[in-house]
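Work through the exercises below with the structure open beside you. Try each task before reading its solution.

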Amino acid sequence: MSDLFKVTIDNITVEVPAGTTILQAARQIGGDVAPPAMCYYSKLQGSGGKCRTCLVEVSKGSEKDPRPMPKLVASCRTTVMDGMEVKNITSPKVQDARAGVVEMLLINHPLDCPICDQAGECHLQDLSYEHGKSGTRYEFQRRTFKKVDLGDKIQLHMTRCILCYRCVFTADQLTKEREHGVLDRGDHAQIATFIQKNLNNDFIGNVIDVCPVGALTDKTFRFKNRVWFTKPVDAHRKCSNPDCCGEVQLWMRGDEVFRVTARKDEWGEIKEASNGKTGWICNECRFDKKHITDWVIEGPTKVNRHSVISQGHYVGLEKPKETFNAVMNGRYPKLLMDIHSVSEVNKPEIDLSLLNRPAHSTDFNQ
Amino acid sequence: MNKKLLLEKAHVEGIRHYDVYRREGGYRSVEKALKTMGPEAIVEEVKKSGLRGRGGAGFPAGMKWSFIAKPEGVPRHLVCNADESEPGTFKDRYLMEFIPHLLIEGLIVSSFALGSNDTYIYIRGEYAWIVDILEQAIEEAKANGWLGKNILGTGFDCNIHVQRGAGAYICGEETALIESLEGKRGNPRLKPPFPAVKGLWERPTVVNNVETLAAVVPIINMGGEEYAKIGVGRSTGTKLISACGNINKPGVYEIDMTISVEEFIYSDEYCGGIANGKKLKACIPGGSSVPILPANLLLKTAKGETRYMNYESLSDGGFATGSMMGSGGFIVLDEDQCVVKNTLTLARFYRHESCGQCSPCREGTGWMEKILQNIEYGKGKLSDIDLLWDIQRRIEGNTICPLGDAAAWPVAAAIRHFRDEFEWHVKNPEEAQKRNFGLAHYADPIHVPA
C-alpha cells in the first residue's frame, strides 16, 4: 500500500497514498478545492456519504480505465485511482447539485441563527453562505420537534438537525454502550435515545463537538455568550481519565472560561493530541473545569479565517503580492506618485527614488 | 405459442407439497447440477442463458454471479430477495405461494453454484402466511435429503433460512436488505464495496430476486442455450408480469417477451382489455417507480414501431418517450383516472418509504408530495409544476441508493407527458375537485374490442 496515486482535482495534481478518498486528497490541496462535508468525519468510522454536499464529478476514472463515472460521486467515501481526474468547483453540474442539496437541507431547518448557540461556528451556515440562495421556494410548514434534554449537560434540538449521523457514530464508537440512534424514517426521522433515556457516560460530551449544526448544544454554555465575543485559547490539564487527551480549547471572555471544547482543525474536526491520543475529551474536562486555575494556558489558538471567530491569530494568511516591487526592478515606491520614478507633473528633474523617506512638498520646492 | 416455464405446474392439485412436486418432475435440476455439473459449469450455463435479474434493474444474473469474490476461508452467501414491496408488483408472492418448491429448488442449485452453505430468504413482513408455506417446503426438502448436510452424497451442505422483514420498502434494495438481515436499521450502504465483495457480515454475497432464482431451475433442466432461444434479443426466457389496474383480468401472467403490449392488454389470454369498455389512458409498465407512458407512446414507440413486452422495446426512446421493464408490475389506467392523483399517491408512498439517510431524498420526497397535494386539492400555482421538475431533477442521481431515482422518475414522466393535465388542475381548481379525472383526451385512439 505504499503506492502513490496521482490524482488531479480541478486541474491541480497531487500525489496521495492508495486508499485515500477524493475528499482527503482535495483537503491536501486545500482552499476552495476541498468540497464541503457535513456528515463526513475522518475520525469516525463509517461516517460520510449521507449529506451529499461533497458530490464531485469524476471526469476520468483512472489511467487504466479512463471512462468517466456516470453519476456524481460522494467524494468522502470514494477512493482515488491512479490518474483520476476530478472536477469540483470547475464543474457546473456539481455546483448545481450542491446548490440543490443545500436547498434541501435548509427547507426543514428553522434558520434561527440569531438565537442559536452554534451560529458563528456552524457548518450549515458557512455552506448556505457559499451555495445557498437568499430566498426559499419552500412554502410549507417546517418540520418541528420539541427540545429534549439528553442528560443534564446536553440539549437536543431536533428541529435543527440535518441527520448527519455523526453523533450516532461518536456514541457508538467512543462509548461502551450504544445509547442513541435514529428513530423513524424519511423526513420524520429523528435522533433519539430509546426512550428518552439519559446519555450518561464519560465521553458523551463529544457529540456536541461533532454536531455540524446547533442540534446538540452544551447546556453549561447555552445562551451565556456568542462565540464571536469569546476568545479561543489553547490549554491543557492532567486529566485522570486515561482515554481523555486533556488538551482543549478554552473559550474565554476576560478571565472567565465560558466553554471548553476539543481542539479542532481547519475542517472543523478534532485534532490529534500531542500525546498521540485522538483528541476526544472527557465530560469532566468539558463541563466541570470552568475555572481558569484548572488549566495550563498555552496561548491563543491559531484559527483559520473561515468563520466569524476573529482574534487576529490567523493561519494561512497570504499577504498581497508585491507587484510594485517586481515591476520596478526591486525598488519600493514611497508615494503613489513615485510609481513613475520621477514626477512628471511637478519637477521631472527630481528623482524621488533617491529619497529615503516619503516625499514631501518641500522636496518639490527646492 | 406461449411457453410457460415457471408457472406451468403452479395449478396442479397439491403442488405445494413435496410429493406432488417431486412426481411432477421437481428437483431434477438439483440432481443434474450437483451430480453432473460443477459450480463453474452452472454459472456458465446461467451466463449462456442470458437470464437478466427480474427484480427491476435487469442486470445479467450470470455476470453478477461471476463477480462474487472468492477469498480463502471466508464463507459466501446467497440471499434471496423476496421483499417485494413495489406498488403494482405481486409476481413473487404468487410464485412463492403456489409453487414454493420451485424457489427452494432454484436456491439449492444457485447456492451450490455460488458455494453458499447458508442461504437466506429475506421475505416481506406482510407476507406472513407465505413464511409458513416456505418453511414447510424447506422442512419437506430437508426431510427428503435435498437440504442439510451432504446433499445427495456430494459433500455439499446447504441450509435455507427464512427471515421476515419489518415492513420497509427500502429493505428491498440489496444493501439495505443486507443491513436489515444483519439486524441493523435498513439503511442502504454506499457502493463500492459491492455486496459481491463485502456483503452480509462483510462476506461475499449475491442478492437475487425470487423469480431470477426460480428461473435457474428451467435453465439447468433445459440447458442455457435452449433457454436463450425463448424470447427475443437480450430479453431471454419468460417473465412474470403482474397486471393490475383498470383491466378485465388482473393477475399474474407468464409471458415469453415476444408479444406486443397491445396484445398483452387486449387479448383475452392476458389482461382481456380495459374494464367497463373504457379506453386506455396511460400505463406504468414496470412497477410504480418506472416512468408512466401515455397510451400512444405505450402501444407504439416514438418511431412508430410496435412496442413489445421486453426489456429493450419498453425502454426504447429512453426516458423521453420510453419507460422500463422494471419488476413487471403492469399498472393500467383508464380514461377516468387522474394522473395528478396517481402521481400524488406514488409521491406519498416514496415520502413514507424514504429511509431518511441522505438529504436530497429525505427532504425532496416530502417536498414533492406537499406540492402535488396542493395541485391536486386546488391550491396549486403554475410555477409549482416547474418547481416540481426542478426538485425531481436534483434528487435523481444524487442519492445513495436508487430510491431517490425511483421517487423522481414517476414525477418527471407525469410532468413530461401530462403537463396539460397538471395545468388544468391549477387553472380549474373547483372543477378538479368535483370530477377528479383530469383530461381524457389522452385515451387511446385504438378501437376497443366489444
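The exercises that follow concern a predicted model.

**Exercise 1. Confidence**

Task: State how the model scores overall, and find the stretch of chain B where pLDDT stays under 50.

Solution. Step 1: the scores for the model are ipTM 0.83 and pTM 0.86. Step 2: the average pLDDT of chain B is 88, and 96% of its residues score at least 70. Step 3: residues 445-450 of chain B stay under 50, and the model has seven contacts beyond four places in sequence for them.

**Exercise 2. A helix in chain A**

Task: Determine which residues of helix H1 of chain A are buried, and what covers them.

Solution. Step 1: a residue counts as buried if 20 or more other C-beta atoms lie within 10 Å of its own. Step 2: in H1(A), residues 22-29, the buried ones are Ile22(A), Leu23(A), Ala25(A), Ala26(A) and Arg27(A). Step 3: their cover includes four strands of chain A, namely E1 (4-9), E2 (12-17), E3 (55-60) and E5 (84-87). Step 4: after H1(A) comes Gly30(A), with a positive phi near 85°.

**Exercise 3. Chain A against chain B**

Task: Describe the side of chain A that touches chain B by its main contributor and its residue classes.

Solution. Step 1: the contact involves 26 residues of chain A and 23 residues of chain B. Step 2: helix H2 of chain A (residues 92-107) gives the most to the chain A side, six residues. Step 3: by class, that side has 15 nonpolar, four polar and seven charged residues.

**Exercise 4. Domains of chain B**

Task: List the domains of chain B and characterise the contact between domain 1 and domain 2.

Solution. Step 1: the domain assignment gives domain 1 (18-229), domain 2 (235-334) and domain 3 (339-434). Step 2: the C-alpha centres of domains 1 and 2 of chain B are 27 Å apart. Step 3: domain 1 gives 20 residues to the contact and domain 2 gives 18 residues. Step 4: on the domain 1 side, helices H5 (91-98), H9 (210-222) and H10 (224-229) of chain B each give two or more residues. H5(B) has the largest share, with three residues.

**Exercise 5. Strand pairing in chain B**

Task: Which sense, parallel or antiparallel, does strand E4 of chain B take with E2(B) and with E3(B)?

Solution. Step 1: E2(B) (residues 116-123) and E4(B) (residues 156-164) pair in the parallel sense over six bridges. One bridge joins Ile121(B) to Val162(B). Step 2: E3(B) (residues 148-151) pairs with E4(B) in the antiparallel sense over two bridges. There Gly148(B) has Cys158(B) as its bridge partner. Step 3: the hairpin of E3(B) and E4(B) has four residues between the strands, and in it Leu152(B) takes a positive phi near 55°.

Methods. Residues numbered from 1 in each chain as written. Chains lettered and ligands numbered in written order. Predicted model: local features only at pLDDT ≥ 70, side-chain atom pairs only at ≥ 80, totals over all residues. Buried ≥ 20, exposed ≤ 12 C-beta atoms within 10 Å, placed from the backbone. Contact = placed C-beta atoms within 7 Å. Nonpolar A, V, L, I, M, F, W, Y, C, P; charged D, E, K, R; others polar. pLDDT = per-residue confidence, 0-100. Domains from an automatic or database assignment. Pairing = 2+ DSSP bridges.
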